[in-house]
Amino acid sequence: MLSLENAARAKAGCGNLTIDPKVQAAAQKLADDNVGVSHTGSDGSSVQDRLKAAGATYNASAENVSQGTDAAQGHFDRWMNSTGVHKQNILNCAYTKTGIAVNGDRVVQVFTD
C-alpha cells in the first residue's frame, strides 16, 4: 500500500509518506475495533482521540478506512477512485507520516503532518 501511495504522491509532486509507530498504533486501534467501515470507534473515539492516546504529535490528521477481501491494490484503487476525500488524503503533500493497519478485511490508514 505504501509503495503504491508514494508512487502516486511522487507523480503529484509530494514527498514520500513514512511509517510512524505512534500513528501506526492509532490506525491499528480502529482496525482492531469491530466497527466496520467507520471513523468512530466503538468507544466513540475519533482519529484525533486515537492519535492522542498513542502519544502522536501532529498539527493535522486524516483517516481512510476500507473494507473488502482484495489485496492492497484494490483498497488503493477504491480510495483513489472514491468520491470522498480519500484521494485528497493520499495526495496531500502536507502529510508526511502515516500508519497502515489491517485486520481481516478492514484496512485503516491514518495520515499526519
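1. Let's start with a term: two strands count as paired if DSSP finds at least two bridges between them. Helices (H or I, at least four residues) and strands (E, at least two) are DSSP runs, numbered from the N terminus. With that in hand, look at Glu 63, whose bridge partner in S4 is Val 110. That bridge belongs to the pairing of S2 with S4, which run antiparallel and are joined by seven bridges.

2. Before going on, a word on what you are looking at. This is a predicted model, in which local features need pLDDT of at least 70 and side-chain atom pairs count only at pLDDT 80 or more, while totals for chains, interfaces and linings use all residues. Residues are numbered from 1 along each chain as its sequence is written, and side-chain values use heavy atoms, with hydrogens and water left out.

3. Now the whole sheet. It is open, has four strands in the order S1-S3-S4-S2, and its pairing is mixed. Strand S1 (18-19) and strand S2 (61-67) sit at the edges with a single partner strand each, so one side of each has no neighbour in the sheet. Strand S3 (residues 97-103) pairs with strand S4 (residues 106-112) in the antiparallel sense, over seven bridges. One of the bridge pairs to look up is Asn 103 with Arg 106 of S4.

4. Buried here means under 20% relative accessible area, exposed means over 50%, and partly exposed is in between (1.4 Å probe, protein chains only).

5. Helix H1 (residues 2-11) packs on it and touches S1, S3 and S4, with its direction at about 145 degrees to that of S3. Helix H2 (residues 21-32) lies across S1, S2, S3 and S4 and runs at about 30 degrees to S3. Contact means heavy atoms within 4.5 Å; axes are lines fitted to C-alpha atoms, for helices over the stretch in contact, and angles run from 0 to 180 degrees between N-to-C directions.

6. Glu 5, Asn 6, Ala 8 and Arg 9 are buried. They cover an arc of only 160 degrees around the axis, so they are on the same side of H1; the arc is that of the directions from the helix axis to the C-beta atoms. Their cover includes helix H4 (72-80), H5, S3 and S4. Ser 3, Ala 10 and Lys 11, on the other side of H1, are exposed. After H1 comes Gly 13, with a positive phi near 85 degrees.

7. H3 can be read in a similar way. In helix H3 (residues 47-54) the buried residues are Val 47, Arg 50 and Leu 51. Their arc around the axis is only 100 degrees, which puts them on the same side of H3. They pack against H2, S2 and S4, whereas Lys 52 and Ala 53, on the other side of H3, are exposed. Gly 55 follows H3, and its phi is positive, near 85 degrees.

8. Ala 54 is also in helix H3, and at 23% relative accessibility it is partly exposed. Leaving out residues up to four places away in sequence, Ala 54 touches Lys 22, Ala 25 and Ala 26.

9. Which cysteines form the disulfide? Cys 14 is joined to Cys 93, S to S 1.9 Å, and this is the one disulfide in the structure, taking a disulfide as a pair of cysteine sulfur atoms within 2.5 Å. Cys 14 lies in the loop between H1 and S1 and Cys 93 in the loop between helix H5 (86-90) and S3, so the pair ties together parts that are 79 residues apart in sequence. The torsion about the S-S bond of Cys 14 and Cys 93 is about -70 degrees, so the disulfide is left-handed. Cys 14 is buried at 9% relative accessible area, while Cys 93, at 41%, is partly exposed.

10. Val 107 is buried, with 4% relative accessibility. Not counting residues up to four places away in sequence, the residues that Val 107 touches include Met 1, Val 65, His 75, Trp 79 and Ile 100.
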